[in-house]
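Please examine the sequence and the model shown here. The paragraphs that follow lead from individual residues to the protein as a whole.

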Amino acid sequence: QVQLVESGGGLVQAGGSLRLSCAASGRTGSSYAMGWFRQAPGKEREFVAAVSRSSDSTYYADSVKGRFTISRDNGKNTVYLQMNSLRPEDTAIYYCAARVRPGNSVLRLMGAYDYWGQGTLVTVSS
């Protein structure tokens, strides 16, 4: 079992920045792929960013590329999402997810992940 707890959400003006954190606990002896997804009101959950198990590859949705950066600190069992140049359309609940199954998968897909956090709300005002 892996428990994921997100933090760092809040209210920010357009153009501002936030850094989200996702702390993992439980089965943390092994590295695993991590992802961030978001869900805006009335919309489906969508992929934001992911980092591979070995941390040698990162992936981003086109809508956040160049503005958001995913990173991880394995010593702290934490993954981060640095969000810059925020826009009102970035308003959503942000979820982190972990894939502990072996093997590769398409990390843009929700089905690639085994565990999910409860989410943290990001609100960007115009």
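In this predicted model, D90 has a relative accessibility of 0% and therefore counts as buried, since the limit for a buried residue is under 20% relative accessible area. Side chains of opposite charge can pair when their charged atoms come close. With which residues does D90 form a salt bridge? One partner is R38, and the closest N and O atoms of this pair are 2.9 Å apart. R38 counts as buried because its relative accessibility is 5%.

Another partner of D90 is R67, with the closest N and O atoms 2.8 Å apart. This pair, too, links distant parts of the chain: R67 is placed in the loop between β6 (58-60) and β7 (68-73), D90 is placed in the loop between β8 and β9, and 23 residues separate them. Both R67 and D90 are buried.

A further salt bridge joins D114 to R101, where the closest N and O atoms are 2.4 Å apart. Both residues stand in the loop between β9 and β10 (115-116), 13 residues apart, and the pair is again one that links distant parts of the chain. Are these residues buried or partly exposed? D114 has 27% relative accessibility and so counts as partly exposed; R101, at 33%, is likewise partly exposed. Salt bridges that share partners bring R38, E46, R67 and D90 together in one network. In total, the structure holds 5 salt bridges.

Attention now turns to a glycine. G16 occupies the loop between β2 (10-13) and β3 (18-26). Its relative accessible area is 17%, so G16 is buried. Which residues does G16 touch, apart from its neighbours within four places in sequence? The contacts are with M83, N84, S85 and L86. By comparison, N104 lies 88 residues from G16 along the chain, and the C-alpha atoms of these two residues are separated by 35 Å.

The protein as a whole may now be considered. Its secondary structure consists of 0 helices and 11 strands, and the order along the sequence is accordingly written β-β-β-β-β-β-β-β-β-β-β. Among the contacts with a separation of 6 or more, 57% are between residues 24 or more positions apart. Of the 126 residues in the protein, 43% are buried.

What radius of gyration does the protein have? The value is 14 Å, which agrees with the figure near 14 Å for a compact globule with 126 residues. Taken along the principal axes, the C-alpha atoms fill a box of roughly 40 × 25 × 25 Å.

Methods: Residues numbered from 1 in each chain as written. Predicted model: local features only at pLDDT ≥ 70, side-chain atom pairs only at ≥ 80, totals over all residues. Heavy atoms only, no water. Helix = DSSP H or I, 4+ residues; strand = E, 2+ residues; numbered from the N terminus. Buried < 20%, exposed > 50% of the residue type's maximum accessible area, 1.4 Å probe, protein only. Contact = heavy atoms within 4.5 Å. Salt bridge = Lys/Arg side-chain N within 4 Å of Asp/Glu carboxyl O. Rg over C-alpha atoms; globule rule 2.2 N^0.38 Å.
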